[in-house]
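Student: Could you walk me through reading a ligand site and a strand pair in a model like this?
Tutor: Happy to! Let's look at it together.

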Amino acid sequence: MTSTSVFVSGASGFIAQELVKQLIKKGYNVVGTVRSTEKGESLKSNLKDAGLASENFEFEIVKDIAVKGAFDEALEKHPEVTVFLHTASPFHFNVTDIEKELLIPAVEGTKNALTAIKAHGPQIKKVVVTSSYAAIGSFLEYSDPSKTRTEDDWNVATYEQSKANAIHGYLGSKKYAELAAWDFVKEEKPNFTLSTVNPVYVFGPQAFEIKDKSQLNTSSELINGVLKLKPTDTVTNELTGYFIDVRDVAHAHIVAFEKKEAEGKRLLLAESPFSTQSILKQIREDFPQLREELPKGDPAEAEYWKKTESPIDNQKTKDILGFKFIDFKKSVDDSVAQIIA
Ligand code: NAP
């Protein structure tokens with residue numbers, strides 16, 4: 001057991017809830033930031049209902065990470081914190097002003113977190129920023145299946161190109177937020193080491209029971225969206241990508257601050273590629289009771305990702321993490337089982 005106190009920004013998020021759950025299970029004390037008392041109380045009671053040490057979880061309200069000084073007060077109140085995990089960032093495409101609603105909160109939120117740590121948390125030694133494969137890989141019209149992507153690559157989109165639409169806006173938000181973090185460390189030479197976690201699309205079950213199944217977080221909605229299809233719906237292959245399970249993403253954040261080898265590293269989390277057809281195929285195979293309710297799709301197109309996705313080589317990350325990732329079948333099956341329960 002340990003008495004280390006870990007700060008988690010955006011604690012009510014899909015990835016962060018699993019992260020808080022794993023941290024509490026490992027005996028850490030957690031200070032999470034949420035945007036409302038209701039979200040903080042709900043997380044605390046979910047931990048309690050799961051039989052976990054909810055008394056080791058406290059929350060502070062940070063309504064908007066983009067506001068200057070957003071984290072100052074929360075950090076001043078918690079001089080016991082020695083690890084800071086920055087997960088909060090907008091991940092949705094429901095925006096009218098791309099710069100204001102995606103790029104600025106991601107970039108300024110990261111700068112505000114790091115500035116607050118330097119000024120109000122000099123005892124903090126480890127910082128992990130949740131970045132994304134969006135900051136690494138090529139996407140959409142920049143996609144190139146002939147080029148392998150590794151931890152050393154950067155998304156080629158410029159800040160201006162990122163304003164083209166909401167999807168580009170999200171990709172740019174992650175690239176420019178991560179760049180801001182590395183620049184901060186280079187220029188400010190703070191007391192802490194930085195690591196980033198760069199996941200591809202994150203699937204897998206929610207940390208706690210789902211209360212509203214109508215709309216899940218953006219990445220989980222890719223599976224939920226397939227479950228909402230009608231037998232007569234056409235399944236297109238517009239969306240392909242790589243997946244990683246949320247339980248591995250949370251675990252990687254913990255290894256990122258626990259293991260010295262992760263200091264100064266970008267951890268590229270990817271297990272295997274998928275397409276909408278491959279999600280449908282997996283569900284039809286493993287949930288025979290749903291077959292009549294879903295379209296047949298085109299199983300021959302399940303590997304459509306070969307035409308669109310760059311191969312990923314994340315061996316360096318795997319060597320640092322030292323654990324095996326959950327596979328596509330288990331991740332999809334566990335996600336679906338929880339949604340239809
Ligand atoms: P999520 O469930 O939408 O979580 C995002 C969290 O950030 C929520 O707690 C949200 O609070 C908070 N947040 C967003 N904008 C904020 C603001 N302006 N002020 C304060 N809090 C704000 O999404 P997620 O999938 O868990 O994503 C968590 C992190 O992982 C993000 O940095 C995301 O870019 C990254 N990531 C996710 C994936 C994926 O596939 N899921 C892949 C790669 C990277 P509210 O819920 O209260 O709005």
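We take the annotated domain, then the ligand, then a pair of strands.

Student: What does the UniProt record place at residues 6-263?
Tutor: Keep in mind that this is a predicted model. The unreviewed UniProt entry puts the feature "domain: NAD-dependent epimerase/dehydratase" at residues 6-263. Over that stretch the chain is 37% helix and 16% strand, with its end C-alpha atoms 17 Å apart.

Student: Which residues come nearest to the ligand?
Tutor: Of the 27 residues around the ligand, the nearest are Arg 35, Lys 39, Tyr 170, Lys 174 and Val 202. By class, the shell holds 12 nonpolar, 10 polar and 5 charged residues. At least two shell residues come from each of α1 (14-25), α5 (166-188) and β7 (201-203).

Student: Where do backbone or polar side-chain atoms lie relative to the ligand's oxygen and nitrogen atoms?
Tutor: A backbone N or O atom of Ile 15 is 2.9 Å from a ligand oxygen, and one of Val 202 is 2.8 Å from a ligand oxygen. For Asp 64, a polar side-chain atom sits 3.0 Å from a ligand nitrogen. The protein covers 88% of the 890 Å² of accessible area that the ligand has on its own.

Student: Do β1 and β2 run parallel or antiparallel?
Tutor: Strands β1 (residues 5-9) and β2 run parallel, joined by 4 bridges. Val 6 has Val 30 in β2 as its bridge partner.

Student: How many residues of β2 are buried?
Tutor: In a regular strand, side chains alternate between the two faces of the sheet. Here β2 (residues 29-34) is mostly covered, with 5 of its 6 residues buried.

How values were computed: Residues numbered from 1 in each chain as written. Predicted model: local features only at pLDDT ≥ 70, side-chain atom pairs only at ≥ 80, totals over all residues. Heavy atoms only, no water. UniProt positions renumbered as here; feature names shortened; annotations may be inferred. Near = heavy atom within 4 Å. Polar contact = N/O pair within 3.5 Å; in protein donor to acceptor, adjacent residues only side chain to side chain. Areas by Shrake-Rupley, 256 points an atom, 1.4 Å probe, with all protein chains shown as cover. Nonpolar A, V, L, I, M, F, W, Y, C, P; charged D, E, K, R; others polar. Buried < 20%, exposed > 50% of the residue type's maximum accessible area, 1.4 Å probe, protein only. Pairing = 2+ DSSP bridges.
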